[in-house]
Amino acid sequence: MDNETLILLIDESSTGIDSVRRALGDQATHFKLRRVPDVPTALARIWGGGVDVVLMNLPEAASAEGDRLATFVELHTGAQGVPIVILCASADKNPAERALSEGASDYLIRDTSDVDLLKAVRSVSRKPDLSPNFSTALARKRGKVLAFMGSKGGAGATTVALNVAAALAQRHQVILAELLSELGTLPHYFQPHRSIRDIGDLLRAESIAPSDVENCLWPSKNVAGLHILFGSRSTENIEQLNPQNVRAVLEIAA
């Protein structure tokens, strides 16, 4: 629920939180907003628990870009998986995109964030609704794998797989994973936010842990018990994938 979502803003100025409230508009009262002046204070607050998403103002351009990115890396390293959204000026898209490649969940241009901030916060703070039994199944590998094979735009395998997954989710926790070697089809069905990770992020990793798979799962809003691992949305992911990781993803998910 939104009113249980705690947004932590890192901003030296005490007026920064007012800008966030304005950007959230009439939905601001549905969130808990807190401000801290720097990264060390933010980390202490995160380690205390309860933080759902961090908004980080990118340091001023007077600093060297490497130093500005180092500040983000320090935060990301200690943030214990809490999603981080970068707020930056339009002239700072390059360091913001670098932060994205280093693990930021999203970035927003301050001048236009009124439109996107609410959507971004809700997207990145959405936690998979994993029951204890579901987490145990991931850890103990007690599930089963059903495979549907077809050609993109041909046999309708994606539609069949989605329908079967939705039916099974009525009684079981289900992961619908799209293992395409080309751009995935499921993102076109659900239009996930760009910050949602897809299978391409896993397939090009050197190794995969159960927590990595869990962090990529997107919970269906319409079908309880159904979680989706989207197919790749980037040709870069396709070109750099590690084929051995396909088996690893299936073993962890099952």
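Tutor: Two strands count as paired here if DSSP finds at least two bridges between them. The model is predicted, and what follows should be read as a description of that prediction.

Begin with the open sheet of three strands, in the order 6-8-7, with mixed pairing. Its edges are strand 6 (174–177) and strand 7 (218–219). Each of these two has a single partner strand, so one side of each is left without a neighbour in the sheet. Strand 6 pairs with strand 8 (residues 226–229) in the parallel sense, over four bridges.

Histidine 188 belongs to helix 8 (residues 186–190) and is exposed, with a relative accessible area of 57%.

Now turn to strand 1 (residues 6–10), which makes two pairings. With strand 2 (residues 32–36), strand 1 runs parallel over five bridges. Between these two strands the chain passes through helix 1 (residues 16–24), and this β-α-β crossover is right-handed. With strand 3 (residues 53–57), strand 1 is again parallel, joined by four bridges. Isoleucine 7 shows both pairings: its bridge partner is leucine 33 in strand 2 and valine 53 in strand 3.

In a regular strand, side chains alternate between the two faces of the sheet. For strand 1, both faces are covered: Leu6, Leu8 and Ile10 are buried on one side, and Ile7 and Leu9 are buried on the other. Five of the five residues of strand 1 are therefore buried, taking under 20% relative accessible area as the cut-off.

Arginine 21 counts as partly exposed at 38% relative accessibility, and so does aspartate 18 at 35%. With a limit of 4 Å from a Lys or Arg side-chain nitrogen to an Asp or Glu carboxyl oxygen, the count comes to one salt bridge.

Helix 2 (residues 39–47) has Val39, Ala42, Leu43 and Ile46 buried. These four cover an arc of only 100° around the axis, which puts them on the same side of helix 2. Just after helix 2, glycine 49 takes a positive phi of about 90°.

One surface feature remains. Leu146, Phe148, Val160 and Leu168 form a nonpolar patch, with about 340 Å² of accessible area together. Leucine 168 lies in helix 7 (residues 157–168) and counts as partly exposed at 34% relative accessibility.

Technical notes: Residues numbered from 1 in each chain as written. Predicted model: local features only at pLDDT ≥ 70, side-chain atom pairs only at ≥ 80, totals over all residues. Heavy atoms only, no water. Buried < 20%, exposed > 50% of the residue type's maximum accessible area, 1.4 Å probe, protein only. Right-handed = clockwise from strand over helix to strand, strands pointing away. Arc of directions from axis to C-beta. Patch = residues over 30% accessible without salt bridge, like charges linked within 9 Å, V, L, I, M, F, W, Y side chains within 5 Å. Areas by Shrake-Rupley, 256 points an atom, 1.4 Å probe, with all protein chains shown as cover.
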